[in-house]
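Subject: Structure handover

Hello,

Here is the structure for you to look at. My notes on it follow below.

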Amino acid sequence: MPVAPDRPRYRFDVTADPATHRLHVRQAIALADPVRLQTGEIVFNVPTNGMTGVFALEAVRLALSPLQTEAADLLQPAAVLLEDSTLRVRLPTAATRAAILTVCLDYAVHLPPAGHEGISAIHALGWSELGMIAGYWYPVLAPYVAAATRGGGRWLITPYHPVGDPIVYETADYEVTVRAPTSHQVIAAGLTDAQQGVWRFRLDRARGFAFAVSDRLMASQADVQGISVRVYHLPEHDVAAQAALRGVQEALPLFVQAYGPYPYAELLIVEAVQFGGMEYSALMTFSRDWFAAYQPPSSDAGFGADLLVRFVVHELGHQWWYGVVGNDQAHEPWLDEGLARYGEVFYYETLHPAHLAWWEAPSRDMPTLPINQPIYHFSDTTTYVQAAYVSSTRFWLDVRRLMGPAAFTGFVQTYRERYQDRLAHEAEVLALLRDRLGPALDRLLSVYFR
Ligand SMILES: [Zn+2]
């Protein structure tokens with residue numbers, strides 16, 4: 001795979017202190033992108049600064065060279081504006097013409113207690129007796145929509161909002177070092193070395209990089225089509241962990257065949273105190289409540305009618321829709337959520353058709369709402385789910401009905417190929433659908449779009 005010269009490279013040195021629930025972070029991001037540099041600023045989306053008392057910025061410095069975190073003397077202080085969840089780093093003139101620029105951020109993250117409040121950035125960051133979960137923990141470089149695109153020539157800002165995922169990730173390469181007490185393990189994808197409490201990770205072509213720090217969780221492992229799948233769970237939740245592994249064993253080959261290759265060498269599943277499930281690149285977290293509630297079925301045919309298994313399938317789908325193909329999760333959340341939830345239907349109808357009614361029961365009577373709504377339109381998780389998840393799945397199922405299953409699979413493959421490692425925008429997806437459906441698309445738009 002050729003390295004895209006403009007793919008951002010993140011490097012992190014993190015010191016994690018589980019006793020004080022605090023991360024201290026030195027973050028360096030190297031960017032070779034004349035379009036963004038010429039704007040005279042570099043913009044980051046900082047969801048942690050949307051929460052009270054979580055993010056404390058200490059220093060921002062620049063270097064006109066690749067990663068230089070250690071060579072602090074080569075870095076110059078930069079002028080910044082941090083307002084709500086948007087960080088703007090002003091560039092001196094020399095930086096706007098640089099071939100490569102490194103922005104180095106020093107900051108502390110005070111993790112809040114883990115919450116159950118709903119689909120929110122808060123549930124992607126927190127501490128509990130299981131350990132620390134760092135999901136939305138770092139300033140994410142904002143994508144820049146080039147002027148040639150409709151509505152282009154602007155930074156893609158995703159202000160913090162308490163409902164949904166107020167973030168957009170472009171594909172980037174990650175190099176992460178986490179220092180933690182030797183009593184704890186650091187759980188993340190791409191481990192290259194672990195010695196005396198210093199854990200090193202490398203994950204290329206990723207969207208979000210997440211990690212957990214725990215002294216309570218143990219690992220159960222399975223190999224699925226050459227992918228190392230590990231579930232990190234409480235020892236007493238071993239049966240649930242086996243069910244999660246089986247969910248991956250069943251769904252992963254199905255998705256590989258329908259969508260394309262799984263993008264990483266491994267997949268981690270982490271038990272956490274949180275609401276529901278959450279996706280990151282090669283890592284997914286799930287509520288301890290689902291692990292605790294898991295009951296093995298009385299017969300093998302009963303497997304699958306369970307929330308942990310169902311949402312393992314959902315978050316696995318995100319490895320393609322969010323992961324391989326990215327999108328603006330704040331303004332166009334229906335793109336990834338609708339296809340991830342479509343994957344649930346696809347899984348049940350293909351492998352466990354007897355459970356389709358169980359799957360559909362909680363949403364059967366929900367009204368269909370316009371799906372093309374940003375997270376900012378919603379003040380509660382329930383209505384957000386009805387629009388971006390439930391109604392959007394209905395949209396994709398109607399698309400499949402109109403195209404026929406074989407043509408729909410072809411469409412999904414084309415969508416994946418065309419937008420692999422990129423951000424797909426709603427207008428482009430609709431243009432692709434217009435190619436396949438013609439005027440029939442208008443009928444769907446009148447039902448599902450505002
Ligand atoms: Zn989802």
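A salt bridge here is a side-chain nitrogen of Lys or Arg within 4 Å of a carboxyl oxygen of Asp or Glu. By that rule the structure holds 21 salt bridges. One of them joins the side chains of Arg205 and Asp421, at 2.6 Å from N to O. Arg205 lies in strand β17 and Asp421 in the loop between α9 (405-419) and β25 (423-424), so this pair ties together parts that are 216 residues apart in sequence. Helices (H or I, at least four residues) and strands (E, at least two) are DSSP runs, numbered from the N terminus.

Two notes on the source. This is a predicted model, where local features need pLDDT of at least 70, side-chain atom pairs count only at pLDDT 80 or more, and totals for chains, interfaces and linings use all residues. Residues are numbered from 1 along each chain as its sequence is written, and side-chain values use heavy atoms, with hydrogens and water left out.

Now the domains. The protein splits into domain 1 (9-111 + 137-204) and domain 2 (219-448); the bounds come from an automatic or database domain assignment. Their centres, taken over C-alpha atoms, are 28 Å apart. Domain 1 puts 24 residues into the contact and domain 2 puts in 29, where contact means heavy atoms within 4.5 Å.

How much area is buried between domain 1 and domain 2? About 1900 Å², with carbon and sulfur atoms giving 64%. Buried area is the accessible area (1.4 Å probe) that two parts lose on being put together, summed over both. On the domain 1 side, Val163, Asp165 and Ile187 supply 31% of the area buried against domain 2, more than any other three residues. The count of salt bridges between the two domains is zero.

Last, the metal. Which residues coordinate the zinc ion? They are His314 (NE2), His318 (NE2) and Glu337 (OE), at 2.0 to 2.1 Å. Donors are N, O and S atoms within 2.8 Å of the metal (3.2 Å for Na, K and Ca); water is not among the atoms, so sites may look incomplete. Along the chain the zinc donors follow the spacing H-x3-H-x18-E. His318 lies in helix α5 (residues 307-318) and Glu337 in helix α6 (residues 334-351), so the pair ties together parts that are 19 residues apart in sequence.

Best wishes
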